[in-house]
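Open the model in your viewer and keep the selection panel at hand. The stops below give what to select and what is there.

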2 protein chains.
Amino acid sequence: VSPEFDLIARYFTRPAPTALLGVGDDCALVQPQSQAALAITTDTLVAGRHFFADVDAASLGHKCLAVNLSDLAAMGATPRWFTLALTVPRIDHAWLAAFAGGLFALAERAGTALVGGDTTAGPLAIGITALGEVPPGLALRRAGARAGDGLWVSGALGEAALAVAVRKGRLAAAAPDWRRLDWPLPRLALGEALRGVASAAIDVSDGLVADLGHICAASGVGAVIDWPSVPLGASLAALPEGLRRDFALAGGDDYELCFAVPAEGEARVADIARRADVPLTRIGQFVEDGGVRVRDAAGRAVELAQGGFDHFRPAT
Amino acid sequence: VSPEFDLIARYFTRPAPTALLGVGDDCALVQPQSQAALAITTDTLVAGRHFFADVDAASLGHKCLAVNLSDLAAMGATPRWFTLALTVPRIDHAWLAAFAGGLFALAERAGTALVGGDTTAGPLAIGITALGEVPPGLALRRAGARAGDGLWVSGALGEAALAVAVRKGRLAAAAPDWRRLDWPLPRLALGEALRGVASAAIDVSDGLVADLGHICAASGVGAVIDWPSVPLGASLAALPEGLRRDFALAGGDDYELCFAVPAEGEARVADIARRADVPLTRIGQFVEDGGVRVRDAAGRAVELAQGGFDHFRPAT
């Protein structure tokens with residue numbers, strides 16, 4: 001029939017044992033666990049805005065699923081199913097095979113199954129909607145942080161933003177860890193482990209200060225970041241202080257989790273870090289109000305050069 | 001923060017009483033009914049391929065949701081929630097308000113709630129993923145048709161395809177019912193009423209012959225359409241026979257349901273038509289094999305001029 005169906009059949013139909021009915025009917029059919037709430041998130045990546053049009057297809061397949069799974073992680077949800085809306089300018093079999101390879105490798109690793117696909121012709125863009133499950137009372141919302149809660153972040157920040165700057169030719173002398181930009185790993189085990197411990201969480205996609213600002217706005221609190229305690233990507237060490245701050249605090253694309261932990265939960269954090277196999281660092285605390293502020297070692301306010309990622313600002 | 005969030009907050013955040021948590025966190029949270037299966041479908045509409053870039057924004061908002069709800073209808077599912085991935089070339093407030101108006105008017109009418117949104121800059125495209133619920137044993141799959149089942153279609157066919165031809169300037173002397181192209185109504189009540197009666201169903205989006213072909217392929221049967229019994233849109237009456245056939249059998253965009261009914265269910269069809277408030281017509285029957293064939297009044301084979309909608313064929 002039409003090439004749309006051939007593409008889905010050829011590249012995007014894999015066994016989906018967790019579905020009653022997978023790709024190839026009017027709808028997929030799945031059976032949610034009774035009692036679990038369903039977490040739903042959707043993110044679209046557009047060539048030239050969210051990625052370079054000539055990026056490696058396998059890493060693109062990986063990354064567009066990873067950014068959606070990162071939203072599930074930030075909710076404490078377990079990934080179950082996802083749909084793919086793929087818009088490509090032309091049918092390039094090598095590209096499609098590589099894209100599907102990257103996509104499904106992460107899907108299998110994360111235990112999620114593609115259950116619906118739609119392929120159309122047009123400027124390159126990838127839309128994914130991901131579904132996960134979480135006990136409704138244990139979901140990690142943005143709105144639960146309270147003044148006095150500790151402010152925590154996973155992993156290290158700034159490596160992906162540095163990689164973007166190098167790829168754009170704005171910085172020549174740095175050697176970023178490209179995997180942090182092209183193959184980010186969503187913190188799924190961490191999100192699940194934080195259920196019942198963290199009072200609020202978000203994933204760091206638009207930059208730490210911007211994303212932390214969403215927790216503060218939703219929770220009606222402020223936050224103070226102690227800049228010297230922020231964990232930096234190793235490649236940032238050689239950079240001037242101002243660049244380190246920009247990349248780590250406002251760079252985005254980190255896909256780490258930023259979360260709030262009440263005092264009574266702090267004793268459990270070390271064990272969670274071990275179980276989820278990721279460093280967790282206390283970088284400040286939530287306060288009554290005042291938005292997000294950053295302090296240096298002397299307690300002075302640090303000014304930032306730029307805000308978070310703006311989806312309507314040209315990429316280059 | 002970034003304009004992305006302003007757009008979602010301003011135009012796409014409405015109360016979603018059926019959600020535990022709506023737009024504005026990392027994920028939405030919803031509580032599926034225990035026992036129900038979840039039907040999932042995704043469709044992207046791209047400017048210049050699936051619609052004219054200058055189409056009325058309100059009708060576009062309506063239609064991009066309608067085509068997804070039509071897939072739920074074809075599954076016999078009850079709409080519950082949907083996500084929107086909106087890519088727009090610029091921020092045009094009048095356009096966004098009109099688009100949201102058309103979208104939400106249909107959402108309210110259909111009882112479904114927007115629970116996740118993503119807005120990015122780029123060539124105009126709208127991706128929707130729709131979720132519905134259906135008792136798992138009663139879902140209308142494509143694969144259940146058997147030789148001997150009656151072949152049925154709802155409403156009338158060809159009106160939307162005629163409207164496309166007129167809008168493109170290919171036919172001047174016709175007066176199509178524009179609502180069938182711009183404001184299609186998914187057959188949701190019909191889909192629910194057909195649970196337990198129809199043995200297979202599909203919605204007519206790519207053209208009757210092409211879509212019926214999907215039922216035949218999935219069910220391992222053939223089908224014979226009696227051309228004189230196919231219900232035609234009123235505006236097709238004045239057209240030459242060849243055009244009537246092309247529009248009604250291969251035109252697409254009808255969003256009617258095509259379905260199979262075993263002999264023991266035929267007695268219930270009249271009552272279902274009354275309850276769903278839509279004419280239902282028996283247009284042929286399923287046979288052992290041979291794909292989809294069309295017969296004229298004398299029983300002779302009818303040849304068709306074109307296939308179904310091809311997502312990689314330029315729109316104009």
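At what angle do the axes of helix H2 (residues 57-75) of chain A and helix H3 (residues 93-110) of chain A cross? Select both: their axes cross at roughly 35° and come within 6 Å. Bear in mind throughout that this is a predicted model.

**Stop 1: H2(A) and H3(A)**

Look at the pair along the line that joins the two axes; the crossing of H2(A) over H3(A) is right-handed. Next, show side chains. On the H2(A) side, select Ala57(A), Ala58(A), Leu60(A), Gly61(A), His62(A), Cys64(A), Leu65(A), Ala66(A) and Leu69(A). They meet Trp95(A), Ala98(A), Phe99(A), Gly102(A), Leu103(A), Leu106(A), Ala107(A) and Ala110(A) of H3(A). Coloured by class, this contact shows 14 nonpolar residues, three polar ones and no charged ones.

**Stop 2**

**Stop 3: H2(B) and H3(B)**

Move to chain B and select helix H2 (residues 57-75) and helix H3 (residues 93-110). Here the packing angle is about 40° and the axes are 6 Å apart. H2(B) and H3(B) cross in the right-handed sense. Residues of H2(B) in the contact include His62(B), Cys64(B) and Leu69(B), and among those they meet in H3(B) are Trp95(B), Phe99(B) and Leu106(B). By class, the contact of H2(B) with H3(B) has 14 nonpolar, three polar and no charged residues.

**Stop 4: Arg80(B)**

Select strand E4 (residues 78-88) of chain B and pick out Arg80(B) within it. Is Arg80(B) buried or exposed? Its relative accessibility is 16%, so Arg80(B) counts as buried, the cut-off being under 20%. To see the surroundings, leave out residues up to four places away in sequence; Arg80(B) then touches Thr18(B), Gln33(B), Gly111(B), Thr112(B), Ala113(B), Leu131(B), Gly132(B) and Glu133(B).

Methods: Residues numbered from 1 in each chain as written. Chains lettered and ligands numbered in written order. Predicted model: local features only at pLDDT ≥ 70, side-chain atom pairs only at ≥ 80, totals over all residues. Heavy atoms only, no water. Axes fitted to C-alpha atoms, helices over the stretch in contact; angles between N-to-C directions. Helix = DSSP H or I, 4+ residues; strand = E, 2+ residues; numbered from the N terminus. Left-handed = near helix turned anticlockwise from the far one by under 90°. Contact = heavy atoms within 4.5 Å. Nonpolar A, V, L, I, M, F, W, Y, C, P; charged D, E, K, R; others polar. Buried < 20%, exposed > 50% of the residue type's maximum accessible area, 1.4 Å probe, protein only.
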